[in-house]
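The model is a predicted one.

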Amino acid sequence: MRKYVIMGVQGSGKGTQSALLAADLDLVHISVGDIFRWHVKHHTKLGAQVRRLVAAGELVGDDLVESVVRDRLQLHDWNYGFIIDGFPRNRRQAEFFLESYDLDGVIHLDLPDDEVRRRVLARRLCSRCGMDYNLIAHRPEVEGRCDVCGGDLVTRADDTPDALARRLADYHSKIDPVIELFKRKEYVMTIDARADKATVQRAIRTRFNLPPYLPSNARLSG
Ligand SMILES: [Zn+2]
């Protein structure tokens, strides 16, 4: 059983790195962003709530995130472990997490703010279903069109340099103390997230003594 938390600012590649680890190690990838996107796409009540917040340029509140993560963990479908991305978001949640789950480690993807700006300002959003794209890391198959629903891709109203600067300040004020708390009590490995995704993945495997990342052989037998 392996239990990890992955932390990093938006644009640091958390989703990609988590997915690679989860696929290879049979971990359940619990991505708060993916859970909310699923609800938006399937027009649930929670999805409507999230859509309103995003349209208003607001962030989903910590309490809502916490209840979604608690519910998800209680499914106990993670027989070989999990990797959580997007939680905890404050010290109280971090403490709850440390008391309730015996974590193996915290993967901290470290990305300087100027690189975050370069990556995030390349983001696009489907105007119909809300799916995220990125013109650097996650290009749509057809330029300007959503792979899922065919909707027009647009720049989010809140992906301006000013709004991003506010989100970065918010991230550092909230998440830096969480990382500090984990560093004191747990096994935090800080990984330089500026490299390409394979290099970052190999660094994570090395630092946590995990089986090596072999992208050319991955899943061929599956
Ligand atoms: Zn779409």
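Along the chain, the donors of the zinc ion follow the spacing C-x2-C-x16-C-x2-C. Two of them, C129 and C149, link distant parts of the chain, 20 residues apart.

**Zinc site**
- The zinc ion takes its protein donors from the SG atoms of C126, C129, C146 and C149, which lie 2.3 to 2.4 Å from it.
- The site is tetrahedral, with angles of 98 to 116 degrees among the four donor atoms.
- For four tetrahedral donors the ideal angle is 109.5 degrees.
- C129 sits in the loop between β5 (123–126) and β6 (132–134), and C149 in the loop between β6 and β7 (153–154).
- C129 counts as buried because its relative accessibility of 12% is under the 20% cut-off.
- C149, at 26% relative accessibility, counts as partly exposed.

**E66**
- E66 is part of helix α4 (residues 62–73).
- With 6% relative accessibility, E66 counts as buried.
- Neighbours within four places in sequence aside, E66 is in contact with F87, R92 and Q93.

**Helix α7**
- Helix α7 (residues 161–185) has 25 residues and should span 36 Å at 1.5 Å a residue; its end C-alpha atoms are 35 Å apart, which agrees.
- At I175, α7 bends by about 30 degrees, and the proline P177 follows within four residues.
- I175 is also one of the buried residues of α7, which include L164, L168, Y171, V178 and F182.
- The buried residues of α7 pack against the strands β1 (2–8), β4 (105–110), β5 and β8 (188–192), and against the helices α5 (91–100) and α6 (113–120).

Methods: Residues are numbered from 1 along each chain as its sequence is written. This is a predicted model: local features need pLDDT of at least 70, side-chain atom pairs count only at pLDDT 80 or more; totals for chains, interfaces and linings use all residues. Side-chain values use heavy atoms; hydrogens and water are left out. Donors are N, O and S atoms within 2.8 Å of the metal (3.2 Å for Na, K and Ca); water is not among the atoms, so sites may look incomplete. Four donors count as tetrahedral if all angles lie between 85 and 135 degrees; four count as square planar and six as octahedral if opposite donors are over 155 degrees apart and all others between 65 and 115; anything else is irregular. Helices (H or I, at least four residues) and strands (E, at least two) are DSSP runs, numbered from the N terminus. Buried means under 20% relative accessible area, exposed over 50%, partly exposed in between (1.4 Å probe, protein chains only). Contact means heavy atoms within 4.5 Å. The expected span of a helix is 1.5 Å times one less than its number of residues. The bend at a residue is the angle between axes fitted to the seven residues ending there and the seven starting there.
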